[in-house]
Every structure is written in C-alpha cells, then in structure tokens.
Amino acid sequence: MTTSGVLYLFGSAAPPVFDVANVIQDAQARGFDVCLGLTPTAARWLAPQLAELEGLTGHPVRSEYKMPGEPDVWPKADVIAVAPATFNTINEWGLGLTHDFVVGVVAEGIGKNIPTVAMPCVNAAYVRHRQFERSVAELRDMGVRVLYGEGGFVPNQPGQGRPKEYPWHLVLDAAQELNDRA
C-alpha cells in the first residue's frame, strides 16, 4: 500500500487510549504510515501491548526523548494527531512545558508548521478550571485544530465517561484533511 503521509499519533493516559491499535489500523487503511508516541503514564498503561503496537506500526513506540546524538528512529511527520489529550497534556502544551516527549514534539511541531489536530478527553470538572479554556484558546491561536465542544469531544460528568464512544473518527478525518491540504 502506498502511504499518503506520515502520521504521528500521540496519546495521553485517558481510557480511550486502550483502543489505539484499532485507531492505528484505521489510520493505515486511510494510507497513513503511523508512528505512535505516548505520555509516560499511557506507556505504562499499554506496556503489555507495546511490542504488538510496534509490530503494527513498524516503528518503535516512543514515550521518552532520545539521547543527544542518537539518530531519530521515525520518519518526518506530515501531520500530527494528539488524542486522547488529557487535562495535563492540553495545559502543558498550551503553556509550553515540554518535560514529556509527546508535549515536546507537539510544541516544536507548531514552530515547524506541521499540521496538527488535537482532541481532548477530559471530564466536566476539569474543564471548569480556567486554565483549560485558556490552553485550548492558546493552541487554536497557534494554528492547532482542537476538536473540543460542538463537532468534537464534549466533556462528560466525572465518573460518567464512555471511552468506547470517544469519536476517534473525527481525529482521523481532521488529520486526513490537514494532510491533504499540505
């Protein structure tokens, strides 16, 4: 199969991340060469599946920065998708706090003009914190397509999450659209 581009798929530790293998397959069916990056907690959650996920993508799953001087093991990204993006990931990214690999790559991706889409996965209690809306607005102002609110992820009440209903197709549709425009 010929690929339509390289998709960096980055996931945070929210329950929909457990479906990432299916998302990778869907992205590959759309022609993407997928590289999977995870926050440290998401990598811990998926530890039993990491070898399978590497086999599925054909690339190492990354959750840590490489050492200086080491070659990059991934091809250059054509588009980036960050989903599920937790409260921490959205706020760290919006504030430019790049101690984690995923946030560092997506923050740098803005400066490299790599088309990027993000979809949060947060509950309604978290979004009442004023910084969340500020971070979403900041990311949008920097050109990130944030799928939040109508037409994207709508927060649920704490403890009422429905991870199987997370709208992954919206993330992949947006990534495909951004890639086709580039």
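This note walks through some packing and backbone features of the structure above, point by point.

1. **Before you start.** This is a predicted model, in which local features need pLDDT of at least 70, side-chain atom pairs count only at pLDDT 80 or more, and totals for chains, interfaces and linings use all residues. Residues are numbered from 1 along each chain as its sequence is written, and side-chain values use heavy atoms, leaving out hydrogens and water.

2. **The core.** The largest nonpolar core has 62 residues, and Leu7, Tyr8, Leu9, Phe10 and Trp93 touch the most other members. Such a core is a set of buried Ala, Val, Leu, Ile, Met, Phe, Trp, Tyr and Cys residues joined through side-chain atoms within 4.5 Å. Here buried means under 20% relative accessible area, exposed means over 50%, and partly exposed lies in between (1.4 Å probe, protein chains only). Not counting residues up to four places away in sequence, Leu9 touches several partners, including Val20, Ile24, Leu36 and Trp168; contact means heavy atoms within 4.5 Å.

3. **Helix 4 against helix 7.** Look next at helix 4 (residues 87–95) and helix 7 (residues 130–141), whose axes come within 8 Å and cross at roughly 55°. That angle makes helix 4 oblique to helix 7. The contact involves Phe87, Ile90, Asn91, Trp93, Gly94 and Leu95 of helix 4 and Gln131, Phe132, Ser135, Val136, Glu138 and Leu139 of helix 7. Helices (H or I, at least four residues) and strands (E, at least two) are DSSP runs, numbered from the N terminus. Axes are lines fitted to C-alpha atoms, for helices over the stretch in contact, and angles run from 0 to 180 degrees between N-to-C directions. Angles under 35 degrees count as roughly parallel, over 145 as roughly antiparallel, 65 to 115 as roughly perpendicular and the rest as oblique.

4. **Helix 4 against helix 5.** Helix 4 also packs with helix 5 (residues 101–111), at an angle of about 40° and with the axes 10 Å apart. This pair is oblique too. Thr89, Glu92 and Trp93 of helix 4 make the contact with Val103, Val106, Ala107 and Ile110 of helix 5.

5. **Helix 1 and helix 3.** How are helix 1 and helix 3 oriented to each other? Helix 1 (residues 20–29) and helix 3 (residues 50–57) pack at about 0°, their axes 10 Å apart, and are therefore roughly parallel. Val20, Ala21, Ile24, Gln25 and Gln28 in helix 1 meet Leu53, Leu56 and Thr57 in helix 3.

6. **Two loop residues.** Thr39 sits in the loop between strand 2 (32–38) and helix 2 (40–45), and counts as buried at 7% relative accessibility. Leaving aside neighbours within four places in sequence, Thr39 contacts Gly11, Ser12, Ala13, Ser63, Thr89 and Val102. Arg162, in the loop between strand 5 (145–146) and helix 8 (168–181), is partly exposed at 48%. The C-alpha atoms of Arg162 and Pro15 are separated by 8.6 Å, although these residues are 147 apart along the chain.

7. **Backbone details worth a look.** Most residues other than glycine have a negative phi, and most peptide bonds are trans. Ala83 and Pro84 are joined by a cis peptide bond, with omega about -10°; Pro84 is in strand 3 (residues 79–85). Asn113 is not a glycine, yet has a positive phi of about 60°. Asn113 lies in the loop between helix 5 and strand 4 (116–120) and is exposed, at 67% relative accessibility.
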